[in-house]
Amino acid sequence: MDEMPADVRSSLGQLLSNARKRARRGDDEVARSLLETADTVAENKLPDGDRRDRLRHGCAAATEALPDGELAAAYVEAMERRLPER
């Protein structure tokens with residue numbers, strides 16, 4: 001896979017972590033906003049390709065899963081595992 005700039009990885013990691021926590025707490029509005037921001041970061045900061053497509057698909061799937069916080073969090077966890085190590 002292509003390299004992911006450290007600042008993009010950090011931003012996505014923070015957004016996804018916070019979205020997962022908010023989804024589990026039932027704070028759907030904030031979780032949705034965080035997922036939308038993560039989708040925008042992926043769209044604007046990652047090159048075309050599999051990683052970008054999968055992250056954007058995961059953001060959409062997690063958003064659609066709300067208000068089922070556990071399902072949305074599971075989608076987010078799957079995306080977090082796809083991020084490269086720091």
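Mentor: R24 counts as partly exposed, at 37% relative accessibility. The cut-offs are these: buried is under 20% relative accessible area, exposed is over 50%, and partly exposed lies in between, with a 1.4 Å probe and protein chains only. A salt bridge here puts a side-chain nitrogen of Lys or Arg within 4 Å of a carboxyl oxygen of Asp or Glu.

Some ground rules before going on. This is a predicted model, in which local features need pLDDT of at least 70, side-chain atom pairs count only at pLDDT 80 or more, and totals for chains, interfaces and linings use all residues. Residues are numbered from 1 along each chain as its sequence is written, and side-chain values use heavy atoms, with hydrogens and water left out.

Back to the spot itself. R24 pairs with E70 in a salt bridge, with the closest N and O atoms 3.2 Å apart. R24 sits in helix 1 and E70 in helix 4, so this bridge ties together parts 46 residues apart in sequence. Helices are DSSP runs of H or I with at least four residues, strands are runs of E with at least two, and both are numbered from the N terminus. E70 is partly exposed too, with 48% relative accessibility.

The structure holds nine salt bridges. One of them joins E80 to R20, with 2.7 Å between the closest N and O atoms. E80 is in helix 4 and R20 in helix 1, so that pair also links distant parts of the chain, 60 residues apart. R20 counts as buried, at 18% relative accessibility.

Another salt bridge connects R22 and D27, at 2.5 Å from N to O. R22 is partly exposed, with a relative accessible area of 30%. D27 is partly exposed at 26%.

Now the packing around helix 1. Helix 1 covers residues 6-25 and helix 2 covers residues 28-45; their axes come within 8 Å and cross at roughly 160°. Axes are lines fitted to C-alpha atoms, for helices over the stretch in contact, and angles run from 0 to 180 degrees between N-to-C directions. That crossing makes helix 1 roughly antiparallel to helix 2. Angles over 145 degrees count as roughly antiparallel, under 35 as roughly parallel, 65 to 115 as roughly perpendicular, and the rest as oblique.

The crossing of helix 1 past helix 2 is left-handed. That means the near helix is turned anticlockwise from the far one by less than a right angle; clockwise would be right-handed. On the helix 1 side, the contact uses V8, L12, L15, L16, N18, A19, R22 and A23; on the helix 2 side, V30, A31, L34, L35, T37, A38, V41, A42 and K45. Contact means heavy atoms within 4.5 Å. By class, this contact has 13 nonpolar, two polar and two charged residues. Ala, Val, Leu, Ile, Met, Phe, Trp, Tyr, Cys and Pro count as nonpolar, Asp, Glu, Lys and Arg as charged, and the others, Gly among them, as polar.

Look at L34 within helix 2. L34 is buried, with a relative accessible area of 16%. Setting aside neighbours within four places in sequence, L34 is in contact with L15, N18, A19 and R22.

R32, L35, A38, D39, A42 and E43 of helix 2 meet R52, L55, R56, C59, A62 and T63 of helix 3. The classes here are six nonpolar, one polar and five charged. D39 touches R56 and C59, not counting residues up to four places away. D39 is buried, at 18% relative accessibility.

Finally, the way into helix 4. P67 lies in the loop between helix 3 (50-65) and helix 4. The peptide bond from L66 to P67 is cis, with omega near 15°. Helix 4 then carries E70 of the R24 bridge.
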